[in-house]
Amino acid sequence: MNPLILASLLFGLGLGTTITFASSHWLLAWMGLEMNTLAIIPLMAQHHHPRAVEATTKYFLTQATGAAMLLFASTTNAWMTGQWDIQQMTHTLPITLITLALALKIGLAPLHSWLPEVLQGLDLTTGLIMSTWQKLAPFALLLQLHPTNSTLVVMFGLASTLVGGWGGLNQTQLRKILAYSSIAHLGWMTLVMHFSPSLTLLTLITYFVMTFPAFLVFKLNSSTTINSLATSWTKAPALTSLTPFILLSLGGLPPLLGFMPKWLILQELTKQELAMVATLAAFAALLSLYFYLRLSYAMALTISPNNVTATSAWRLPSTQITMPLAISTTATLSLLPLAPATIALLTI
């Protein structure tokens, strides 16, 4: 892709998200979401592969549906209450419709089925943008909503943690596993969204920090399936020995960074007298931990060719810049000791 075109598309991505962040009017927020969607579509289809075109089409239809529902709900709210302010919504019907639209846009269960299919058709760089940056604008709007009944949001969160755990168990494609991981983490964020918004933001930032090195490691190794992970030892032995810790951090295993948000969320849910929801979420985390352990086993404890009859792919030396990977890996493995300071910041 031409560098000028790429720069323009990335600028459009940033501008769309910034407009949504800065908006207090539903039409302006909707405009930012549409700019965001239209900017990423050429990035998704740039390789002209039939699978990428299919994924782009699915993503466009899904986002268009969510945007149309959002516009309809905000218009309904303006008709009922006479105002377009995001933070002044009081009527149950438009709030529920907008919550459904934003849940569809970010891929919360049970509106999640498009996300694994779309992510599977993308290259890992665009998939990283899809899993991180594209979540920011809809999440900013969700955090500003004040639903009259938070049960719907809690049910979305609980369903996402369960679906993200169950869905990733039988997958062999790394991008689909990362998609179900994204769904599960979105569920954890949504569970606590209307009890502690600051904790939701902390979980979102932590998820970005952990997902960044996971995508970059798979990109460095040119891996798209579990079996191809077994050839990583010969290419980057030091990184291969560290990658299981990145994956286990995504699973929320102490003493790694991923344990901190899950611990704080379970603590907050218990304070809100939602012990059963906290218990189910903790069990769902065990499901996610299983497929992270499966990836760790395939990458660090097997030698290619393993028990599946296959030939190892020929790999050229990678030209990927390793500094972002090194910084994000260090953060993923060693930021848990900052948890007391983080808790202090949350209580300010």
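This is a predicted model: local features need pLDDT of at least 70, side-chain atom pairs count only at pLDDT 80 or more; totals for chains, interfaces and linings use all residues.
Start with the overall division. The protein chain splits into domain 1, residues 1-131, and domain 2, residues 149-306 + 320-347. Taken over C-alpha atoms, the centres of domain 1 and domain 2 lie 23 Å apart. The contact draws on 21 residues of domain 1 and 26 residues of domain 2. Together, domain 1 and domain 2 bury about 2000 Å² between them. Carbon and sulfur atoms account for 75% of that area. On the side of domain 1, three residues stand out: Gln120, Leu124 and Leu128 supply 31% of the area that domain 1 buries against domain 2.

One salt bridge is found across the interface of domain 1 and domain 2. Look also at Glu117, which forms a salt bridge with Lys176. The closest N and O atoms of Glu117 and Lys176 are 3.3 Å apart.

Now turn to helix α7, residues 136-144. This helix is mostly covered, with eight of its nine residues buried. The buried residues are Leu136, Ala137, Pro138, Phe139, Ala140, Leu141, Leu142 and Gln144. What lies over them? The cover on the buried residues of α7 includes α1, α2, α4, α9 (174-191) and α10.

One of those covering helices, α1, spans residues 3-22 and holds Ile5. Ile5 has a relative accessibility of 48%, so it counts as partly exposed. The cut-off matters here: exposed means over 50% and buried means under 20%, so a value in between is called partly exposed. Ile5 also belongs to a nonpolar patch on the surface, formed with Met1, Leu6 and Leu10. Together these four residues have about 350 Å² of accessible area.

Next, helix α14, residues 275-300, which contains Ser288. Is Ser288 buried or exposed? Its relative accessible area is 7%, so Ser288 is buried. Leaving aside neighbours within four places in sequence, Ser288 is in contact with Gly164, Gly165 and Ala184. Met299 is buried because its relative accessible area is 0%. Which residues does Met299 touch, not counting those up to four places away in sequence? They are Val217, Asn221, Leu229, Ser232, Trp233, Thr240 and Thr243. Ser228 gives a sense of the fold around Met299: the two are 71 residues apart in sequence, and their C-alpha atoms are 8.4 Å apart in space.

Helix α15, residues 323-334, contains Ala331. With a relative accessible area of 17%, Ala331 falls under the 20% cut-off, so it is buried. Setting aside its neighbours within four places in sequence, Ala331 is in contact with Val209 and Leu257. Gln83 lies elsewhere: 248 residues separate it from Ala331 along the chain, and 44 Å separate their C-alpha atoms.

Finally, look at the loops and their backbone. The peptide bond from Ala109 to Pro110 is cis, with omega near 5°. Pro110 sits in the loop between α4 (92-106) and α5 (114-120). Another cis peptide bond joins Pro254 and Pro255, where omega is about 10°. Pro255 lies in the loop between α12 (237-251) and α13 (259-271).

Positive phi values come next. His48 is not a glycine, yet its phi is positive, near 60°. Where is His48? Its place is in the loop between α2 (26-44) and α3 (50-81). His48 has 67% relative accessibility, so it counts as exposed. Ser222 is not a glycine either, and its phi is positive at about 55°. Ser222 belongs to the loop between α10 (197-220) and α11 (232-235). At 54% relative accessibility, Ser222 counts as exposed, because exposed means over 50%.

Definitions and conventions. Residues are numbered from 1 along each chain as its sequence is written. Side-chain values use heavy atoms; hydrogens and water are left out. Patches are made of residues with over 30% relative accessible area and no salt bridge: like charges are joined within 9 Å, nonpolar side chains (Val, Leu, Ile, Met, Phe, Trp, Tyr) within 5 Å. Accessible areas come from the Shrake-Rupley method with a 1.4 Å probe; for residues, only the protein chains shown count as cover. A salt bridge is a side-chain nitrogen of Lys or Arg within 4 Å of a carboxyl oxygen of Asp or Glu. Helices (H or I, at least four residues) and strands (E, at least two) are DSSP runs, numbered from the N terminus. Buried means under 20% relative accessible area, exposed over 50%, partly exposed in between (1.4 Å probe, protein chains only). Domain bounds come from an automatic or database domain assignment. Contact means heavy atoms within 4.5 Å. Buried area is the accessible area (1.4 Å probe) that two parts lose on being put together, summed over both.
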